[in-house]
Amino acid sequence: MIRIQQEDFDVAASYARLRLAQPRQTGAICLFTGLVRDFGDESNVEAIVLEHYPGMTEKSLANIAQRATQRWNIHAYEIIHRTGALQLDDQIVLVGVSAAHRGEAFSACEFIMDFLKTEAPFWKKERHADGEVWVEAKESDAQRKQDWLQRDA
């Protein structure tokens with residue numbers, strides 16, 4: 001399941017959906033939840049605004065999830081990403097994966113999140129007391145994606 005939404009999400013409900021996907025075969029569920037923090041490219045972040053390209057974003061996330069299902073034996077996945085104005089401590093993103101074994105669940109969850117950060121068309125603006133700044137792509141995110149691609153070579 002892939003959802004782009006402004007409203008908050010329920011981590012327990014996501015866990016329950018992943019657990020019920022193949023209840024007798026699932027041995028592991030991995031969940032990652034990203035939160036708004038008070039630092040980013042600059043310190044003293046007060047809030048953020050997330051924008052996306054409707055239609056293209058969902059296709060991009062579906063492509064990333066499909067690549068993960070081709071690499072690992074995943075029973076189910078869930079990707080929820082919020083957009084709009086978010087305050088400190090708000091949940092931003094959830095990536096969840098269920099699989100037979102923990103290694104597959106951990107790897108697939110990490111892979112999806114790493115590719116989401118570099119391929120999904122989201123834009124983030126940080127709000128500070130003295131103004132706003134668009135967040136640039138991070139070299140560390142690009143390196144994490146490159147590490148996955150090198151494993152394929």
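Arginine 17 and glutamate 78 form a salt bridge in which the closest N and O atoms lie 2.6 Å apart. This pair joins distant parts of the chain, since arginine 17 belongs to helix H1 (residues 11–21) and glutamate 78 to strand S4, 61 residues apart. The model is a predicted one, and a search of the whole structure finds nine salt bridges.

**Salt bridges**

- Glutamate 132 forms a salt bridge with arginine 127, the closest N and O atoms being 2.9 Å apart; glutamate 132 is partly exposed, with a relative accessible area of 47%, and arginine 127 is partly exposed, with a relative accessible area of 32%.
- Arg67, Glu119 and Lys145 are linked in a network of salt bridges.

- Helix H3 (residues 102–119) has 18 residues and reaches 25 Å from its first C-alpha to its last, which is close to the 26 Å expected at 1.5 Å a residue.
- The buried residues of H3 include Glu104, Cys109, Phe111, Ile112, Asp114 and Leu116, and among the elements covering the buried residues of this helix are strand S2 (28–35), helix H2 (56–71), strand S6 (91–99) and helix H4 (139–152).
- The largest nonpolar core has 31 residues, and those with the most contacts inside it are Leu61, Ile112 and Leu116.
- The elements that give two or more residues to this core are S2, strand S3 (47–52), H2, S4, S6 and H3, and its largest share, eight residues, comes from H3.
- Leaving aside residues up to four places away in sequence, leucine 116 touches Leu61, Ile64, Ile79, His81, Val93 and Val95.

**Surface patch**

- Tyr53, Met56, Trp123 and Trp134 make a nonpolar surface patch of about 450 Å².
- Tyrosine 53 is found in the loop between S3 and H2, and it counts as partly exposed because its relative accessibility is 44%.

Conventions:
Residues numbered from 1 in each chain as written. Predicted model: local features only at pLDDT ≥ 70, side-chain atom pairs only at ≥ 80, totals over all residues. Heavy atoms only, no water. Helix = DSSP H or I, 4+ residues; strand = E, 2+ residues; numbered from the N terminus. Expected span 1.5 Å × (residues − 1). Buried < 20%, exposed > 50% of the residue type's maximum accessible area, 1.4 Å probe, protein only. Contact = heavy atoms within 4.5 Å. Core = buried A, V, L, I, M, F, W, Y, C linked by side-chain atoms within 4.5 Å. Patch = residues over 30% accessible without salt bridge, like charges linked within 9 Å, V, L, I, M, F, W, Y side chains within 5 Å. Areas by Shrake-Rupley, 256 points an atom, 1.4 Å probe, with all protein chains shown as cover. Salt bridge = Lys/Arg side-chain N within 4 Å of Asp/Glu carboxyl O.
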